[in-house]
Amino acid sequence: MAIDPSSSPMGVEGRAALVTGAGSGIGRAISRRLAALGARVLVTDINDEGGAETVQAIVSAGGVASFHHCDVSSYTDAQASIRAARDTFGSIDILVNNAGWDVIQPFLQNDPELWDKVIGINLKGPIHMSRAAMEAFVEQDTGGKIVNLSSDAGRVGSLGEAVYSACKGGVIALTKTLAREGARYKIQVNCVAPGITDTPLVAGLDQKVIDAIVKAIPMRRMADPDEPAELVVFLASDSNTYMTGQVISVSGGLTMS
Ligand SMILES: NC(=O)c1ccc[n+]([C@@H]2O[C@H](COP(=O)([O-])OP(=O)(O)OC[C@H]3O[C@@H](n4cnc5c(N)ncnc54)[C@H](O)[C@@H]3O)[C@@H](O)[C@H]2O)c1
């Protein structure tokens, strides 16, 4: 079920947002929703073509966005992207740590090279970006919002995704700790845990695997990328005045823990 991106205002108008991994899937949906509600969005990704498409979609709908190449596994890139947001928009108010990557494979077949790549993107990425953004929020003395994309895999595990699940569990712990440390600076940090969502990340899965997962979901379907995006935008908005350190699943009831 797609949500009309121009429906209800949510308190992000005029805010400057940076979204990682915004050239595809959920990151693109978040960027479009933020921009449709009046935020200015720095679309970042390692996929320059996908990033340009996201910017084009936003600008052609009357929104404000630009692209900056950023590999979240590099702390240097993370710092440069936060600087780029401040240079482009004059400040940064919102960081969405969305970039993610995985290969589904039994743990006994993984090699250390894969572990390093998965950890670099899914765990070190949010660490790099959050540190750079929090320094900016404190220097600006404005406070700020961080929303992390975890996964239900980080709450209950997921077959063939041992290291990815470990990273996503780490993102939950990171969220809670940064929420505690950030509160004194008016920085709120929350986490959205999508269930299976219809994006290029799952398009590569065997249809039998998708069917088996969907059968276990009480609502019996995958999410549309706009559905987790809606919650991300609420948590990033001025409407979120008192939530921090929280983890919320958008998974059709697959997990209820
Ligand atoms: N789709 C799902 O079923 C699902 C479920 C749970 C959680 N998630 C999480 O949601 C987030 C978005 O996933 P998606 O389904 O939209 O995936 P996607 O593959 O459609 O998009 C991910 C984006 O991240 C980018 N990316 C990959 N490595 C990067 C790096 N090193 N630096 C910067 N960008 C990089 C990719 O280029 C891509 O544009 C991820 O964190 C993912 O783990 C997705």
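Me: How far is the sulfur of C70 from the closest cysteine sulfur?

Reply: In this predicted model, the closest cysteine sulfur to that of C70 belongs to C167, and it lies 17 Å away, which is too far for a bond.

Me: What about C191, where is its nearest cysteine sulfur?

Reply: For C191 the nearest cysteine sulfur is again that of C167, here 13 Å away, and C191 is in no disulfide. A disulfide is a covalent bond between the sulfur atoms of two cysteines, and the pair counts as one when the sulfurs are within 2.5 Å.

Me: OK, how many disulfides does the count come to?

Reply: The count comes to 0 disulfides.

Me: Are C70 and C191 buried or exposed?

Reply: C70 is buried, with a relative accessible area of 3%, and C191 is buried as well, with a relative accessible area of 0%.

Me: Changing topic, how many helices and strands are in the protein chain?

Reply: The protein chain has 10 helices and 7 strands. Its radius of gyration is 17 Å, close to the 18 Å that the globule rule gives for 257 residues, so the chain is as compact as a globular protein of that length. The C-alpha trace spans about 45 × 40 × 35 Å along its principal axes, and buried residues make up 50% of the 257 residues.

Me: What is the order of the strands in the sheet?

Reply: The 7 strands form an open sheet in the order 3-2-1-4-5-6-7, and their pairing is parallel. Strand 3 (64–69) and strand 7 are at the edges with a single partner strand each, so one side of each has no neighbour in the sheet. From one strand to the next, the twist averages 20 degrees.

Me: Which strands does strand 5 pair with?

Reply: Strand 5 is joined to strand 4 (residues 94–97) by 4 bridges, running parallel, and I94 has K145 as its bridge partner in strand 5. Strand 5 also pairs with strand 6 (residues 187–194) in the parallel sense, over 6 bridges, where G144 stands opposite I187.

Me: And how many residues of strand 5 are buried?

Reply: In strand 5 (residues 144–149), 6 of its 6 residues are buried. In a regular strand the side chains alternate between the two faces of the sheet. Here both faces are covered, with G144, I146 and N148 buried on one side and K145, V147 and L149 buried on the other.

Me: Which strands does helix 5 lie across?

Reply: Helix 5 lies across strand 1, strand 4, strand 5 and strand 6, and it runs at about 175 degrees to strand 4. Helix 7 packs on the sheet too, touching strand 5, strand 6 and strand 7, and its direction makes about 160 degrees with that of strand 6.

Me: How many residues does helix 7 have, and how far does it reach?

Reply: Helix 7 (residues 162–182) has 21 residues and reaches 30 Å from its first C-alpha to its last, which is close to the 30 Å expected at 1.5 Å a residue.

Me: What do its buried residues pack against?

Reply: The buried residues of helix 7 include V163, C167, V171, L174 and L178. The partners that the buried residues of helix 7 pack against include helix 4 (112–122), helix 5 (124–140), helix 6 (153–156) and strand 7 (247–250). An α-helix has 3.6 residues a turn, so residues three or four places apart point the same way.

Technical notes. Residues are numbered from 1 along each chain as its sequence is written. This is a predicted model: local features need pLDDT of at least 70, side-chain atom pairs count only at pLDDT 80 or more; totals for chains, interfaces and linings use all residues. Side-chain values use heavy atoms; hydrogens and water are left out. Buried means under 20% relative accessible area, exposed over 50%, partly exposed in between (1.4 Å probe, protein chains only). Helices (H or I, at least four residues) and strands (E, at least two) are DSSP runs, numbered from the N terminus. Two strands pair if DSSP finds at least two bridges between them. The expected span of a helix is 1.5 Å times one less than its number of residues. Contact means heavy atoms within 4.5 Å. Axes are lines fitted to C-alpha atoms, for helices over the stretch in contact, and angles run from 0 to 180 degrees between N-to-C directions. The radius of gyration is taken over C-alpha atoms; the globule rule is 2.2 Å times the number of residues to the power 0.38.
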